[in-house]
Each structure stands twice: as structure tokens, then as C-alpha cells.
Amino acid sequence: MIRMEKALNYKFEDQPVNWNTRDLLLYAVGIGAKAGDIGQIYENDENFNAFPTYPVVLNFKGDSNDVVDFVEFASKSGGSVPGLPDMDPTRILHGAQYCELIKPLPVNSTDRNFHIKKRIVGVNENPKGIVVDTESVLVDGKGEAYARMFSSTFNVGAKATGKQFSKAIAVSPQAKPKPERAADHVVSDLTTEEQAIVYRLSGDYNPLHVDPSMAKMAGFKKPILHGLATFGIAARALVGAVGDGDQLSIEAIGCRFTSPVIPGDKLSTHIWKVSDEECVFEMKNETQNGKTVLGKGYAKLRKPRHSKL
């Protein structure tokens, strides 16, 4: 008999990761940085830093400087976990993501021996499949933490016991209820038809986002944009609207992925500031009649480094 609670606190093998300045520039373009976002796209600008959501791609990229076999990666990430059945890596959907930047990343990880420590912190079975929640912490060779992430993956059609089950030992911060007023800020962003092609070069090579035949097998008419690309687009919107253009003003950000985006769609991020340090947000797809694509968005703010005279 499968006992899903055995999966809780299961620790994966530490994953070595690395990056360089070029990786940071490529990621910025992948999440829609424009020519005017000089601190994100020009390494010699005085405000250039690793974007606060960059750590999320390291789970996929690892320490590879080449294309990553996604099926092999997903199989290793699932592995043979006590309490969980074997699950099809081609039927995994990203359900939610949270990323907290504990301290700014160096623009180059060389000789720092960065790695990710990952464990399972939640499991849920329902009639449609199994949801697995993981916590990942990015640390250097001295064990100092730089980023903490929570991710939920929905394994479509997977079954353990066939009964409803839900248990967690850790969760990410959750958004406060959305205020019943118009958003304080609405930021529009037109994605390009090449957005997924560029974003995947940061490390997430899931063929669902580039191969039409794989997209159709998954039930989509054409390849869809990575959920983590829209996650980064929302973070850019927050930086511009409430962070005074300073990307390090975003200390933490999280959301749920509620509907797919097709590269080329026009998106709008609706932001409500609910305290001096917190915002809630949601992203809508204006090309698809305002359908919500990111829901229950949460962001924690640092005090901007730049003061206005």
C-alpha cells in the first residue's frame, strides 16, 4: 500500500548550479526586457544585477552550459520517491511558484560552488492527478542561502491510492485578498511570437513550448509560453510600477498559474499595494478576452535603493 506521507521531507541529491553574466542578460530578454530597461539588459550599467526571479531557472539549467534533455531532467527530479508512484514526466504542469531573494546574487557564480538543496514539502492527490510541492534553497559552498523557492507541479492523471489526500510540512507566503477597488497600477506587455524560443535558452527546454506536435499531444493547439516566463514578466511589471525601476526592490514574489499563454498574446498585470511592504497582483490575457493567467499573486517589497529628490 502506498503511503503518500512518506514523501514529505524527502531530500533530493544536492544539485550543482552555475551562471554567468551572459545568462543573466539572456534571461532578462526572455522575460521581455526592453531597450529602456538598461539596468536589466546592459552589464555595464551601474544598476545591473541578477533579476530577482532568475533563481527559478537554475532548477532546470543546473550546471549545464548546453541544451538540457527535459525528459531526463524531469525523470531525475521525480526519481523513485518513497510514497509516490512513478509519474509521466511529459504530463507535468507547473501549478504555482514562489521565489524569495534572501541576498543579491553575484553576476557570475564562478568558484562559489553554488548548489540547490531540494525537498518535498507537500503532497496532494485528487481525482485529476497528484500535486507535489517542493522547497528549493540556493546556497553557496559555505552553506550561505541566497534564494528560497517553492514550486507546485501537477502530475496529470497520476494516481497513488485513488483517494483524496493532502498534507504539507511547509508552505510559501500567501497573498492577501484582492482589494475591492480598481488596481493601483496596470502594466501592459505584448509578448512576441518568439518569446518561448528565447526564454527556453535559459534552461527550461520542455518541448511543449517549441514543438507543435508535443503541444498537440498535451491538448494545446500550438506551443505555449512557459509559466515562469509570465512569472518574470509580472516581476518586471512590479519593478517598474512599485519598485522605482530597481529590480532589487522585489524581495519575494509568488503566484498560481491559472491559464496558458500563447506567444504573441498581450498581457496586463494588475497591481494593488496593500501595505508599505506588500502587493497583490494578477495577470490577465487581453488577447484571450481578459482571462486570468496568473492568480493570487503576492509580492514583498524592499525599500528602494534610489531616493527621489
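Which side chains meet in a salt bridge with an N to O distance of 3.1 Å, one of them being that of Asp14? The legends below answer this and describe further close-up views of a predicted model, in which local features need pLDDT of at least 70, side-chain atom pairs count only at pLDDT 80 or more, and totals for chains, interfaces and linings use all residues. Residues are numbered from 1 along each chain as its sequence is written, and side-chain values use heavy atoms, with hydrogens and water left out.

**View 1. Salt bridge between Lys117 and Asp14.** The side chains of Lys117 and Asp14 meet at 3.1 Å, N to O; a salt bridge is a side-chain nitrogen of Lys or Arg within 4 Å of a carboxyl oxygen of Asp or Glu. Lys117 belongs to strand β3 and Asp14 to the segment before β1, so the bridge ties together parts that are 103 residues apart in sequence. Helices (H or I, at least four residues) and strands (E, at least two) are DSSP runs, numbered from the N terminus. Lys117 is partly exposed, at 40% relative accessible area, and Asp14 is partly exposed at 36%. Here buried means under 20% relative accessible area, exposed over 50%, and partly exposed in between (1.4 Å probe, protein chains only).

**View 2. Further salt bridges, including Arg119 with Glu135.** The count for the model comes to 14 salt bridges. Arg119 and Glu135 meet at 2.6 Å, N to O. Arg119 lies in strand β3 and Glu135 in strand β4 (residues 129-139), so this pair ties together parts that are 16 residues apart in sequence. Arg119 is partly exposed, with a relative accessible area of 21%, whereas Glu135 is buried at 8%. Salt bridges that share partners join Lys34, Asp37, Asp189 and Arg236 into one network.

**View 3. The aromatic pair of Tyr10 and Phe12.** A search of the whole structure finds seven aromatic pairs. Rings of Phe, Tyr and Trp (its six-membered ring) pair if their centres lie within 6.5 Å; planes under 30 degrees apart count as stacked, over 60 as edge-to-face and the rest as tilted. Tyr10 and Phe12 are edge-to-face, with 5.1 Å centre to centre and 90 degrees between the planes. Tyr10 is partly exposed at 27% relative accessible area, while Phe12 is buried at 16%. The charged end of Lys118 sits over the ring of Phe12, 5.1 Å from its centre (criterion: NZ of Lys or CZ of Arg within 6 Å of the ring centre and within 35 degrees of the ring normal).

**View 4. The tilted aromatic pair of Trp19 and Phe114.** The two rings lie 4.8 Å apart, centre to centre, with 50 degrees between the planes. Trp19 is in the loop between β1 (15-16) and α1 (21-30), and Phe114 is in the loop between β2 (92-101) and β3 (115-126), 95 residues apart. Trp19 is buried, with a relative accessible area of 3%, and Phe114 is buried, with a value of 3%. Ring pairs link Trp19, Tyr27, Tyr54, Phe114, Tyr146 and Tyr199 into a cluster.

View 5. Asn285 is buried, with a relative accessible area of 0%. Leaving aside neighbours within four places in sequence, Asn285 is in contact (heavy atoms within 4.5 Å) with residues including Pro260, Asp265, Leu267 and Val293.
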